[in-house]
Amino acid sequence: MRFRYSTLDPSQSPAESLPRVPLVLRLANRAIEAHGLVDSGSAANVLPYEAGLQLGAIWDDRKANIRLAGALGNQRAVPLLVTAEIAGLPMVRLAFAWIKASDVPVVLGQTNFFVEFDVSFYRSRFEFELTPR
């Protein structure tokens, strides 16, 4: 299934578009809608703090044992498994590094989004394609 690159702010130009996919994240009986940044350079899926709280997750510092790298290297994270629905594609379980920061996007990275989907980027056309494994 193909998706268009998008911006989150109407004042941004198309050149600032990124590969974002609309999805529904579910945990137990709660669900939230989000836009996930499809990021082949990210080693892990990342879930912002507020999104985890909206799903009913409870932060536990004793479980905050995931260390992230790069721009989020100073953040500790808790593992959180959720179900993800992307329109027209099979539901999948995604493992997130849930971080105690809210100024980051939902990131879909190598572990385990890129295990569940093959991703092809067509940047010159501002499109990307997801194919379930």
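Val 115 has its place in helix α2, where helices (H or I, at least four residues) and strands (E, at least two) are DSSP runs numbered from the N terminus. At 48% relative accessibility Val 115 counts as partly exposed, on a scale where buried means under 20% relative accessible area, exposed over 50% and partly exposed in between, with a 1.4 Å probe and protein chains only. Leaving aside neighbours within four places in sequence, Val 115 is in contact with Gln 110 and Arg 133, contact meaning heavy atoms within 4.5 Å. The C-alpha atoms of Val 115 and Arg 133 are separated by 7.5 Å, although the two residues are 18 apart along the chain.

The model is predicted, so that local features need pLDDT of at least 70 and side-chain atom pairs count only at pLDDT 80 or more, whereas totals for chains, interfaces and linings use all residues. Residues are numbered from 1 along each chain as its sequence is written, and side-chain values use heavy atoms, with hydrogens and water left out.

**The chain as a whole**

The chain holds two helices and ten strands, and read along the sequence these elements follow the pattern β-β-β-β-α-β-β-β-β-α-β-β. The radius of gyration is 15 Å, which agrees with the value near 14 Å that a compact globule of 133 residues would have; the radius is taken over C-alpha atoms, and the globule rule is 2.2 Å times the number of residues to the power 0.38. Along its principal axes the C-alpha trace spans about 45 × 30 × 25 Å.

Buried residues make up 45% of the 133 residues. Among contacts between residues at least 6 apart in sequence, 55% join residues at least 24 apart. The chain exposes about 7400 Å², of which carbon and sulfur atoms supply 52%, the areas coming from the Shrake-Rupley method with a 1.4 Å probe. There are 14 positive and 13 negative side chains, and the centres of the two sets lie 5 Å apart; Lys and Arg count as positive and Asp and Glu as negative, while His and the chain ends are not counted.

**The loop between β1 and β2, and Arg 20**

Thr 7 has its place in the loop between β1 (2-4) and β2 (20-27), and at 25% relative accessibility Thr 7 counts as partly exposed. Its contacts, leaving aside neighbours within four places in sequence, are with Gln 12, Ser 13, Glu 16, Ser 17 and Arg 20. The side chain of Thr 7 also reaches the backbone oxygen of Asp 9 at 3.4 Å; a polar contact is a pair of N or O atoms within 3.5 Å, of which, within protein, one must be able to donate a hydrogen and the other to accept it, and residues adjacent in sequence count only if both atoms are side-chain atoms. Ser 13 lies in the loop between β1 and β2 as well and is partly exposed, with a relative accessible area of 31%.

Arg 20 lies in strand β2 and, at 13% relative accessibility, counts as buried. Not counting residues up to four places away in sequence, Arg 20 touches several residues, including Arg 4, Thr 7, His 35 and Phe 128. A polar atom of the side chain of Arg 20 lies 2.3 Å from the backbone oxygen of Ser 6.

| Pair | Apart in sequence | C-alpha to C-alpha |
|---|---|---|
| Thr 7 and Pro 19 | twelve residues | 8.8 Å |
| Arg 20 and Leu 8 | twelve residues | 9.2 Å |
| Ser 13 and Ala 64 | 51 residues | 38 Å |

A cis peptide bond, with omega about 0°, joins Thr 111 and Asn 112, and Asn 112 has its place in the loop between β8 (106-108) and α2 (113-116). Ala 28, a residue other than glycine, has a positive phi near 55°; its place is in the loop between β2 and β3 (30-38), and with a relative accessible area of 79% Ala 28 is exposed. Phe 126 has a positive phi of about 55° although it is not a glycine; Phe 126 lies in the loop between β9 (117-122) and β10 and is partly exposed, with a relative accessible area of 25%.

Glu 127 lies in strand β10 (residues 127-132). The side chain of Glu 127 makes a polar contact with the side chain of Arg 2 at 2.9 Å. Leaving aside neighbours within four places in sequence, the residues in contact with Glu 127 are Arg 2, Phe 3, Arg 4, Tyr 5, Phe 121 and Tyr 122.

Technical notes
The place of a charge is taken as NZ of Lys, CZ of Arg, CG of Asp or CD of Glu.
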